[in-house]
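Here's a quick write-up to read with the model open in your viewer.

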Amino acid sequence: MRIMCFAAVMMVGFAGSALAADVSGTWKTASNDKGYLYVTIAPCGGKTCGTIADAFSTSGQKDASYKYLGKQIIWDMQAKGGGAFDNGKVWSPAQDKTYPAKMTLSGDSLEVDGCAAGGLVCRGQTWTRVK
């Protein structure tokens, strides 16, 4: 009986972790006229957060003097299942503003959207998994 209970608990535990999409790792943001960033995404307090790990120029040179290295860029993302994350925040370095945010994982692509006007207007980027 104990073995059956243990097996049932283990199956429930594995099923729950299989439902959550794994966005942990390093992601390359979309490039703009100044370059691109590497963002490290990891669990934080039961939710998902992302921190700027590296910055690169448009030519791909690492910019160790980038003033926002180590700054949190994503926080409070909640997994909704099926690769969807919602109810989070994203900080835009270009505008120095924070927006309500959502993310959608599809393979090694991550759509990160910041929204305004109560979620009626959203703008985003597609990030690619680095590692």
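## Ground rules

This is a predicted model, so to speak plainly about cut-offs: local features need pLDDT of at least 70, side-chain atom pairs count only at pLDDT 80 or more, and totals for chains, interfaces and linings use all residues. Residues are numbered from 1 along each chain as its sequence is written, and side-chain values use heavy atoms, with hydrogens and water left out.

## Overall layout

The chain has one helix and eight strands, taken as DSSP runs numbered from the N terminus (helices are H or I with at least four residues, strands are E with at least two). Going along the sequence, the pattern reads α-β-β-β-β-β-β-β-β.

Of the 131 residues in the chain, 26% are buried (buried is under 20% relative accessible area, exposed is over 50%, partly exposed is in between, with a 1.4 Å probe and protein chains only). As for contacts (heavy atoms within 4.5 Å), take those between residues at least 6 apart in sequence: 31% of them join residues at least 24 apart.

## Aromatic rings

There are five aromatic pairs in the structure. Rings of Phe, Tyr and Trp (its six-membered ring) pair if their centres lie within 6.5 Å; planes under 30 degrees apart count as stacked, over 60 as edge-to-face and the rest as tilted. Tyr36 and Phe56 have ring centres 5.0 Å apart and planes at 15 degrees, so they count as stacked. Tyr36 sits in strand β2 (residues 36-44) and Phe56 in strand β3 (residues 47-56), so this pair ties together parts 20 residues apart in sequence.

Tyr66 and Tyr68 make an edge-to-face pair, because their ring planes are at 75 degrees, with the centres 5.6 Å apart. Tyr66 is partly exposed, at 21% relative accessible area. Charges get involved with rings too: NZ of Lys or CZ of Arg must be within 6 Å of the ring centre and within 35 degrees of the ring normal. Lys28 lies over the face of Tyr36, 4.4 Å from the ring centre, and the charged end of Lys71 sits over the ring of Trp91, 4.5 Å from its centre.

## Two loop residues

Thr29 is in the loop between β1 (25-28) and β2, and is buried, with a relative accessible area of 8%. Leaving out residues up to four places away in sequence, Thr29 touches Tyr36, Leu37, Val39, Gln125 and Trp127. A polar atom of the Thr29 side chain lies 2.9 Å from the backbone nitrogen of Leu37.

Pro93 is in the loop between β5 (84-92) and β6 (97-106). Pro93 is partly exposed at 25% relative accessible area, and its contacts, not counting residues up to four places away in sequence, are Leu37, Tyr66, Tyr68 and Ile73. The C-alpha atoms of Pro93 and Lys71 are 9.8 Å apart, with the two residues 22 apart along the chain.

## The largest pocket

How much space lies in the largest pocket? About 910 Å³, where volume is the space filled by probe spheres set on grid points joined across faces, edges and corners. A pocket is an open set of points on a 1 Å grid over the protein atoms alone, where a 1.4 Å probe fits, with protein on both sides within 12 Å along at least five of seven lines; lining residues have an atom within 4 Å of a point.

The largest pocket is lined by 34 residues, and Asn32, Ser92, Pro93, Ala94 and Gln125 are the closest to its centre. Elements giving two or more residues to this lining are β2, β3, β5, β7 (109-116) and β8 (121-129), with β8 supplying the largest share, six residues.

How values were computed. Polar contact = N/O pair within 3.5 Å; in protein donor to acceptor, adjacent residues only side chain to side chain.
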